[in-house]
Protein chains: 2
Amino acid sequence: EYIAVPLDENGLPPDALEAAMRSGPKFVYALPNFQNPCGITWSEERRKKLLEIADHYGVPVLEDDPYGQLRYEGDHIPPLVALDAKLQANNGAPYTGNVIYLSTFSKTLAPGLRLAWVIAPNDVIKKLVQAKQGTDLHASTLSQMLAYEVLQNDFLPAHVKRIRALYGERRDAMLKALEAFFPAGVSWTRPQGGLFLWLTFPEWLDAADLLKEAVKEKVAFVPGVSFHSDGGGKNTARLNFSFCNPEKIEEGIRRLGYVLERVIAERGAGAAV
Amino acid sequence: EYIAVPLDENGLPPDALEAAMRSGPKFVYALPNFQNPCGITWSEERRKKLLEIADHYGVPVLEDDPYGQLRYEGDHIPPLVALDAKLQANNGAPYTGNVIYLSTFSKTLAPGLRLAWVIAPNDVIKKLVQAKQGTDLHASTLSQMLAYEVLQNDFLPAHVKRIRALYGERRDAMLKALEAFFPAGVSWTRPQGGLFLWLTFPEWLDAADLLKEAVKEKVAFVPGVSFHSDGGGKNTARLNFSFCNPEKIEEGIRRLGYVLERVIAERGAGAAV
């Protein structure tokens with residue numbers, strides 16, 4: 001069972017979180033940097049507020065940070081786990097707080113390696129080790145050795161720099177194309193990093209229907225309903241901007257804009273009959 | 001909760017299995033080839049009997065076969081899944097029976113790859129894919145590509161042949177050393193394959209105490225209590241014969257025999273006081 005809390009452009013609103021806490025969740029799942037699917041980044045104030053509320057209710061926070069290194073503009077905001085370690089003033093000592101921080105090599109080195117890491121209090125790590133051993137003993141040692149070798153030299157930071165420039169360009173291309181080709185009545189987020197942005201269509205428009213039309217033009221997206229635990233979000237969609245080059249992005253958005261215009265015009269004509 | 005069924009030298013006795021079935025298990029776990037920890041191999045008759053009983057009670061069978069290719073003597077006995085497919089006469093058609101068969105590259109190619117395979121009815125495979133995707137999406141593609149390449153040529157069969165000869169020699173060395181150096185009152189299994197054999201000490205002897213003495217002589221083993229769900233088997237132990245060369249095995253068994261003799265003599269002397 002999921003308790004969904006709607007985000008605004010700065011992250012999780014404290015009031016909504018407080019209300020959700022009264023349902024007694026087992027943990028809070030948070031993705032503060034360039035959230036999948038909507039590309040929203042939480043402000044530092046909102047991060048601190050979450051820590052305060054979670055601490056007050058004694059609820060652990062699972063901080064998922066797969067995209068943190070993929071920032072294309074603006075300043076880095078410390079992750080929840082770093083803010084919490086500072087709040088708890090356990091400088092240098094092993095972290096004993098409320099946050100379980102996850103990140104991964106999947107978005108920087110290679111997704112196929114299936115390698116990730118966790119920062120958490122020792123007792124939590126011990127339990128996670130047990131769970132991992134019970135599942136598949138350990139991640140492939142070949143993958144681990146490869147990541148270890150890569151981390152010995154400067155390959156990874158240089159590679160991250162390279163994909164940051166590449167993906168940043170592609171994000172810009174998509175934002176520019178959206179401005180150029182999308183009709184009025186459709187809005188979108190402007191992510192500072194990550195891989196995704198979020199579209200909101202007119203209330204009456206079902207993204208699943210739109211997808212059928214778009215696929216005929218060889219353009220696809222993920223309807224937003226898959227990201228809603230309550231079946232809502234029918235008039236929303238996720239776009240990925242990291243995969244294609246700027247030329248393809250421009251052409252794809254042009255075609256999607258054309259489909260959208262047609263669908264909206266047809267609806268307008270229908271309403272006029 | 002586990003329902004333990006004691007094995008005899010031919011596998012799972014049907015009467016004991018029937019009795020256990022009355023507790024309504026969710027599945028039967030079976031390791032018919034060179035079972036870890038005891039090295040026992042189930043006869044074909046016992047395999048068929050298990051299938052019959054499991055089918056009668058409608059209980060699925062999880063067949064674990066990590067060591068099946070590591071046979072050093074005797075004839076290959078078909079796995080449960082093959083016998084069941086034959087019984088059900090679904091020749092050529094996808095398997096629809098009661099057995100979920102597992103094997104692995106860990107004991108033949110490399111344990112670090114964390115690669116294994118499953119034979120099961122399509123509906124079961126679908127559920128397993130879901131579970132795997134929920135856990136870690138998929139096994140490392142690097143590991144999978146490596147195994148794929150290795151399977152394109154003749155490396156793996158040749159390699160299995162090689163380790164079969166090597167491990168067979170080591171098993172023989174251990175059996176010979178046990179005959180030569182172990183005192184009366186200790187018995188052991190004579191596995192036809194796999195990696196392990198099983199020691200049974202006199203009833204009064206606690207393998208955990210013996211281990212403390214053995215470690216002083218730089219010899220270790222796994223006390224059998226870890227393999228008993230009911231805390232029994234205190235006077236048993238598992239020996240691995242695949243890891244060390246014959247010279248080390250001989251020396252190790254010599255030292256362990258020496259420790260055993262001393263412990264048994266001390267107990268004899270204590271009893272005489």
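How many residue pairs are in polar contact between chain B and chain A? The count is six, with both residues of each pair at pLDDT 80 or more. The model shown in these views is predicted.

**View 1. Interface of chain B and chain A.** On the chain B side, 14 residues are in contact with 14 residues of chain A. The two chains bury about 990 Å² between them, and carbon and sulfur atoms account for 59% of that area. Of the area that chain B buries against chain A, 46% is supplied by Gly112(B), Arg114(B) and Leu142(B), more than by any other three residues.

View 2. The elements of chain B that give two or more residues to the side touching chain A are α4 (122–136) and α5 (141–152). The largest share, four residues, comes from α5(B). By class, the side of chain B that touches chain A is made up of five nonpolar, six polar and three charged residues.

View 3. Ala82(A) lies in helix α3 of chain A, which spans residues 80–87. The relative accessible area of Ala82(A) is 36%, so this residue is classed as partly exposed, the class between under 20% (buried) and over 50% (exposed). Tyr95(A) is 13 residues from Ala82(A) in sequence, and the C-alpha atoms of the two residues are 9.4 Å apart in space.

Key. Residues numbered from 1 in each chain as written. Chains lettered and ligands numbered in written order. Predicted model: local features only at pLDDT ≥ 70, side-chain atom pairs only at ≥ 80, totals over all residues. Heavy atoms only, no water. Contact = heavy atoms within 4.5 Å. Buried area = accessible area lost by both parts, 1.4 Å probe. Polar contact = N/O pair within 3.5 Å; in protein donor to acceptor, adjacent residues only side chain to side chain. Nonpolar A, V, L, I, M, F, W, Y, C, P; charged D, E, K, R; others polar. Buried < 20%, exposed > 50% of the residue type's maximum accessible area, 1.4 Å probe, protein only.
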